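Morning, everyone. I have one structure to walk through, so let me put it up.

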Amino acid sequence: MLSRPISLAIVDDHALFRKTLKNFLCEQQNIHVAVEVPDVFTLFNRLKTTPIDVLLMDIFLPGMNGDEALMNIRLQYPDVKILMLSMCTDMDLICDLLEKGIHGYISKGDEPEDLLQAIRTVSENRIFRNRLFTEALYWNKQNTFKSVAERNHVLLNEREKKILQLMWEEKSNKEIADALFLGVRSVEKIRQDLKEKVGVKSTVGLLKYAINKRIIGASVQKPDLIK
């Protein structure tokens, strides 16, 4: 957990919304809005001199859409945690963004408390698991792995399955290592090897695979109960 205030950047082309959001966040404990800009080009200029922890960004932006921006941010600032904040709740879009490396997706129709929880969660390098996240995991599970999982029969050992279960329980690499009597680096390597083994590129992809193959706990069969 960060011992200093969480440094935030807000990117949204609607000035009233952006400034109102900034004022609200500045009133919160341990949150500092370091950057507040209307577009991605201005954001990149500011990030050259202003480090941030969490980026709040709409998916639809002038000049460069959120998808392009995400790829550039991931390339130039890999340590920045990205929260998408949008009115769009298209499941295909959200699923695609999660697999490309965002840490969470918040609807502008959500409660302010949800946003604060999301900011604090992703600042700890954890994925924010709200209803949209869960629905996105389930959205295209029937088709996601046909190209790999049905062509190649993938067998996972019990340790690999246990790691997937612990990941679903939001355990950190250290907590997983302690539970399985492994080193942290061993856990990191197993997670990376798992991605290559099942043919996915992200943690979200691994969780979707585990759901599809019924590896993770029975509670995932009721996504409306998962927060």
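First, a term: buried here means under 20% relative accessible area. And a caution: this is a predicted model.

Start with helix 11, residues 203-212. Which of its residues are buried? Val204, Gly205, Leu206, Leu207, Lys208, Tyr209, Ala210 and Ile211. That is eight of the ten residues, so helix 11 is largely enclosed by the rest of the structure. Note that Lys208 is among the buried ones. After the helix comes Arg214, with a positive phi, near 55°.

Now helix 10, residues 184-198. Length check. At 1.5 Å a residue, its 15 residues should span 21 Å. The end C-alpha atoms are 21 Å apart, which agrees.

Who is buried in helix 10? Val187, Ile190, Arg191, Leu194, Lys195 and Val198. The face turned away from the buried side carries Arg185, Lys189 and Glu196, which are exposed.

On to the strands. Strand 1, residues 6-11, pairs with strand 2 in the parallel sense, over six bridges. Ala9 stands opposite Val35 in strand 2. How does the chain get from strand 1 to strand 2? It crosses through helix 1, residues 15-26, and this β-α-β crossover is right-handed. Strand 2 covers residues 31-37, and six of its seven residues are buried.

Next, the rings. How many aromatic pairs does the structure hold? One. The partners are Phe44 and Tyr77. Their centres are 6.4 Å apart, with 20° between the planes, and the pair is stacked. For the cut-offs: centres must lie within 6.5 Å, and planes under 30 degrees apart count as stacked. Phe44 sits in helix 2, residues 40-47, and Tyr77 in the loop between helix 3 and strand 4, so the pair ties together parts that are 33 residues apart in sequence. Phe44 and Tyr77 are buried.

Last, charges over rings. The charged end of Lys108 sits over the ring of Phe17, 4.4 Å from its centre. The charged end of Arg129 sits over the ring of Trp168, at 4.1 Å from the ring centre.

That's my tour. Over to you.

Technical notes: Residues numbered from 1 in each chain as written. Predicted model: local features only at pLDDT ≥ 70, side-chain atom pairs only at ≥ 80, totals over all residues. Heavy atoms only, no water. Phe/Tyr/Trp six-rings, centres within 6.5 Å; stacked < 30°, edge-to-face > 60°. Helix = DSSP H or I, 4+ residues; strand = E, 2+ residues; numbered from the N terminus. Buried < 20%, exposed > 50% of the residue type's maximum accessible area, 1.4 Å probe, protein only. Lys NZ or Arg CZ within 6 Å of the ring centre and 35° of its normal. Pairing = 2+ DSSP bridges. Right-handed = clockwise from strand over helix to strand, strands pointing away. Expected span 1.5 Å × (residues − 1).
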